Amino acid sequence: MILFEAKDVTKRFATQTALDGVSINVPEQSIYGLLGPNGAGKTTLIRIINQITAPDSGALFLNGRPLKPEDVNNIGYLPEERGLYKKMKVGEQALYLAQLKGLSHAEAMRRLKYWFKKLQITDWWDKKVEELSKGMQQKVQFVTTVLHEPKLLIFDEPFTGFDPINVKQIKEEILYLRERGATIIFSTHNMSSVEELCDNITLINKANAILEGSVEKIRHDWAGNEYEIVMAGEVTPSSNGLFTVLHSTFEAGKSTVRIKAAEPADSNGIISAMTAAGKVLSFNPALPSMNEIFIRVVETKNKEALKN
Amino acid sequence: MNKIALIIRREYITRVRKKSFLIMTFLTPFLFALIFIIPMLVMNNEDKDFKRIAVIENGSDLFKDVIPDTKDTEFDYRSDVKFDDIKNNFTEQGYYGVLFISPEIVSSPDAIQLISRKQPPIGLLDHITGSLEKEIEKQKLLAYNIENLDEILKTINTSVRIQTIKMDESGGARETSTGISMALAYLGGFLMYMLVFMFGSMVMRGVIEEKTNRIVEVIVSSVKPVQLMLGKIIGVALVGLTQFALWIVLTLALVTVLKTSFLPEGTMEQIQQLPRSLADADQSVAGATGTTVTPEQLTDFQELFAGALNQPWGLIIFSFVFYFLTGYLLYASLFAAIGSAVDNETETQQFMLPVTIPIILGLIVAMGTMQNPESSLSFWFSIIPFTSPIVMMARIPFDVPGWEIALSMGLMLITIVGAVWMAAKIYRTGILMYGKKTSWKEIWKWMTYKG
């Protein structure tokens with residue numbers, strides 16, 4: 001079931017178009033990644049979803065009906081630049097923001113205690129925000145975003161400013177939130193997090209959605225007939241009519257060989273050729289990383305644009 | 001809790017808890033109290049050193065013993081020395097100064113010199129010139145050979161004191177004191193100016209803080225921008241009222257404490273009894289003689305207190321609160337709009353100017369109003385909403401017709417509705433705009449956006 005849908009959203013500013021007919025479909029209880037180079041229009045789309053700005057044209061739907069101003073209570077938003085009152089104490093501030101979202105004082109207290117304990121930030125309760133480091137502030141803001149348990153969570157660049165341990169912790173929390181029923185949209189430049197977390201993505205470049213779909217399908221689509229074969233011992237297979245060897249490495253008693261199959265791929269033929277050369281431990285299509293796909297798609301698009 | 005109430009609460013509590021609020025709240029009454037007390041202290045602690053002054057005339061005996069001694073000054077008439085002999089060594093001879101009266105004084109009034117090492121007090125100079133003027137007048141009159149001149153002079157010696165009485169429409173007369181009215185006009189106008197400016201720019205700084213920290217994006221995903229703006233404006237208004245109330249209480253307390261500890265004992269009781277016997281003023285003066293306070297001083301106090309008690313206090317306090325709230329609301333919404341349109345405080349200047357000009361104009365006119373409360377300039381500025389809070393406060397102690405106050409207040413209310421509406425439109429768009437330098441044209445566009 002689709003929880004959130006944006007249809008043909010267009011937004012123009014005085015001198016440029018920020019979004020040009022972008023549509024996204026976010027299934028319920030999934031994690032949706034918004035990717036794209038800097039200035040592509042991701043943040044504009046996120047701000048439109050949060051009803052901070054209105055689109056020039058296009059429609060937004062939550063649970064199948066048009067998005068209403070009251071829906072902000074069902075959305076949690078973590079903006080890219082951290083927004084907290086510097087002079088206010090952490091606990092007080094979190095309580096204030098939670099109450100603004102409609103939680104009662106007692107309920108907000110109960111949930112804050114839970115989350116502060118979970119993220120090991122209980123000691124910061126009485127500290128002023130300005131005394132915290134950037135990453136610490138971000139953790140506090142993360143808590144205030146998820147506290148009212150909204151159906152839809154929107155994180156704009158949630159990992160910037162975090163050390164690897166905190167990135168891991170936040171990733172775990174995001175997965176945990178999905179497990180508990182939340183639907184999450186996040187924008188990021190961190191491609192490894194996309195592979196780990198996202199079910200679906202949309203790649204936005206220069207105001208247009210140029211790639212969308214499930215992460216797995218996209219990676220398979222872009223696999224480009226490449227395979228990775230792991231063999232026991234040091235083996236150096238040579239190219240033949242069925243495939244070309246791209247490169248091979250030997251490490252810890254195992255050889256990893258990357259090949260590009262001829263079209264159409266004859267995997268059985270390849271495997272027999274390989275078994276003839278040595279003992280095959282595994283045979284897998286080599287999936288490109290999201291990083292590679294990102295670069296390839298965007299560069300191709302930009303070259304096309306230059307030609308026109 | 002209602003969301004706007006939550007915002008008001010936060011704005012109020014974070015500000016009231018600040019150190020600067022506490023300092024302002026407790027320090028300002030001291031300043032106010034000092035304004036009241038210092039003149040009293042100065043009066044009580046005048047230069048009490050005993051002074052001897054040598055009076056030299058270089059031969060002629062015209063002004064021998066003309067200047068009477070006072071309780072701390074002795075005038076020593078020295079016909080035995082010349083001015084040039086003493087003017088360089090009077091200190092050694094134990095004199096505070098040398099007064100030289102040249103014989104030409106009758107025809108040229110500046111032919112008189114007082115030489116001293118220190119700046120002589122103004123009272124001493126008044127005493128000298130007063131005595132000499134009287135003597136010269138007397139000498140001139142003597143030249144007319146009038147019989148019984150001394151007696152005539154005694155009978156015509158008059159002292160005049162003006163009692164200002166204003167008639168109100170119902171025909172009742174009220175004694176007023178122009179001095180008190182002026183002081184109140186000054187205080188009211190200036191305080192209004194200060195408070196509107198102070199709390200108005202407090203709102204602006206708050207808005208800029210929220211905008212630059214991007215807090216607004218988080219909050220706007222919970223409440224409407226207009227709610228945030230109104231919550232902030234109302235919260236700061238409550239801070240202002242709290243501070244104002246504390247100031248009044250603390251100032252009164254301080255003045256009471258300081259007055260009882262610095263004024264001679266018994267003075268307060270006498271003064272407090274005075275207004276009751278106002279109709280019978282002479283008697284009360286008579287009854288007060290023989291105490292530490294002289295009759296003249298008492299008449300002064302009496303007038304001051306009568307004037308103060310006869311001020312329309314109810315109207316003044318009501319108007320002050322009304323004009324503070326409305327004036328603040330008017331300017332705070334403009335300041336909020338400015339704050340939302342800029343990215344940082346330095347950028348505010350180009351928009352501040354058109355907003356501050358009316359406030360400052362109001363203050364200037366208010367200062368003129370003290371001298372001339374009925375001028376047409378004062379009238380118009382006390383009616384026009386942007387200057388009326390300040391100028392009207394300066395006019396009210398001088399009695400303003402009811403319809404003028406009503407008109408001014410009515411116009412103020414209408415203007416506020418317009419200003420808040422306009423500010424909300426600018427705010428709504430401006431608060432979420434970044435990176436672009438805002439122009440007047442841009443602001444006009446935001447105001448005319450639909451919806």
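This is a predicted model: local features need pLDDT of at least 70, side-chain atom pairs count only at pLDDT 80 or more; totals for chains, interfaces and linings use all residues.
Helix axes are here lines fitted to C-alpha atoms over the stretch in contact, and the angle between two of them runs from 0 to 180 degrees between their N-to-C directions. Helix α2 of chain A, residues 90-100, and α1(B) have axes that come within 9 Å and cross at roughly 160°. Angles over 145 degrees count as roughly antiparallel, and α2(A) and α1(B) are therefore roughly antiparallel to each other. The crossing of these two helices, α2(A) and α1(B), is left-handed.

On the α2(A) side, the contact is made by A:Tyr96, A:Gln99 and A:Leu100, and these meet B:Lys3, B:Leu6 and B:Arg10 of α1(B). Sorted by class, the residues of this contact of α2(A) with α1(B) comprise three nonpolar, one polar and two charged.

A wider view takes in the whole meeting of the chains. In total, 19 residues of chain A are in contact with 17 residues of chain B. On the side of chain B that touches chain A, at least two residues come from each of α1 (3-16) and α7 (215-220). The largest share of that side belongs to α7(B), with six residues. Nine nonpolar residues, four polar ones and four charged ones make up the side of chain B that touches chain A.

Chain A itself can also be described by its domains. The domain assignment divides chain A into domain 1, covering 2-220, and domain 2, covering 224-285. Taken over C-alpha atoms, the centres of domain 1 and domain 2 of chain A are separated by 42 Å.

Definitions and conventions
Residues are numbered from 1 along each chain as its sequence is written. Chains are lettered from A and ligands numbered from 1 in the order in which they are written. Domain bounds come from an automatic or database domain assignment. Two residues are in contact if their C-beta atoms, placed from the backbone, lie within 7 Å. Helices (H or I, at least four residues) and strands (E, at least two) are DSSP runs, numbered from the N terminus. Ala, Val, Leu, Ile, Met, Phe, Trp, Tyr, Cys and Pro count as nonpolar, Asp, Glu, Lys and Arg as charged, and the others, Gly among them, as polar. Angles under 35 degrees count as roughly parallel, over 145 as roughly antiparallel, 65 to 115 as roughly perpendicular and the rest as oblique. A crossing is left-handed if the near helix is turned anticlockwise from the far one by less than a right angle, and right-handed if clockwise.
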